[in-house]
Amino acid sequence: MSIVSLSSQKQPPPWQVVVLVATHLDPKTLAISSCVCKSWLISMSLDQIWQPLCCSHYPSLSTLHNFNNNNNNNNDDSNIPYRRLFALGQRASNHRWKPPSKPCISLKNVIFALNIYKNSTCVVSLVKHGNQLSFDKKGVF
């Protein structure tokens, strides 16, 4: 009797249980778990798992699910899987253009030059590095 109970414990769980557990996993864990075997790939690629993830992360992409390339009747074969839509959104968000940061210049990188002219002749020429300047309480140097 103990042999029967040991053999029954080694059997994999029904795939419905795997799908129920998969609905509580994050996208990265789902992608990794789909590499276990072909059965898990099929289970972890179901639209019922990926639809809520795609709709919450990329709602505008989820409208492409029923896109029909042939513009004929709407077959299930022409639907783009939510798993692929999520991957598309993930790749697009990783390569999204980011505006350049605002330039930041410190005074130690600036050189101030002062030339005083009288009748087209330079009377005084003064050059100071920014870190050599002193400031008053109002920030004026």
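Colleague: Which residues form one aromatic cluster?

Modeller: Trp50, Tyr58 and Phe86 do. This is a predicted model, in which local features need pLDDT of at least 70 and side-chain atom pairs count only at pLDDT 80 or more, while totals for chains, interfaces and linings use all residues. Residues are numbered from 1 along each chain as its sequence is written, and side-chain values use heavy atoms, with hydrogens and water left out.

Colleague: How many aromatic pairs does the rule give?

Modeller: Rings of Phe, Tyr and Trp (its six-membered ring) pair if their centres lie within 6.5 Å; planes under 30 degrees apart are stacked, over 60 edge-to-face, and the rest tilted. The count here is 2 aromatic pairs. The ring centres of tryptophan 50 and phenylalanine 86 are 5.4 Å apart with planes at 50°, so this pair is tilted. Tryptophan 50 belongs to helix 5 and phenylalanine 86 to helix 7, 36 residues apart. Helices here are DSSP runs (H or I, at least four residues), numbered from the N terminus. Tyrosine 58 and phenylalanine 86 form an edge-to-face pair, 5.4 Å centre to centre and 65° between the planes. Because tyrosine 58 lies in the loop between helix 5 and helix 6, this pair ties together parts 28 residues apart in sequence.

Colleague: Which residues of helix 7 are buried?

Modeller: Buried means under 20% relative accessible area, exposed over 50%, and partly exposed in between (1.4 Å probe, protein chains only). In helix 7, Tyr82, Leu85, Phe86 and Gly89 are buried. Down the helix axis they fall within an arc of 100°, so they line one face; the arc is taken from the directions from the axis to the C-beta atoms. Arg84, Arg91 and Asn94 are exposed on the other side. The cover over the buried residues includes helix 3 (27-33), helix 5 (47-57) and helix 6 (59-62), where contact means heavy atoms within 4.5 Å.

Colleague: How many disulfides does a search of the whole structure find?

Modeller: A disulfide is a covalent bond between the sulfur atoms of two cysteines. The criterion is a pair of cysteine sulfur atoms within 2.5 Å, and the search finds 0 disulfides. The sulfur of cysteine 54 has its closest cysteine sulfur, in cysteine 55, at 5.8 Å, too far for a bond.

Colleague: Is cysteine 54 buried or exposed?

Modeller: Cysteine 54 counts as buried, at 0% relative accessibility. Cysteine 55 is partly exposed, with a relative accessible area of 32%.

Conventions
Helices (H or I, at least four residues) and strands (E, at least two) are DSSP runs, numbered from the N terminus.
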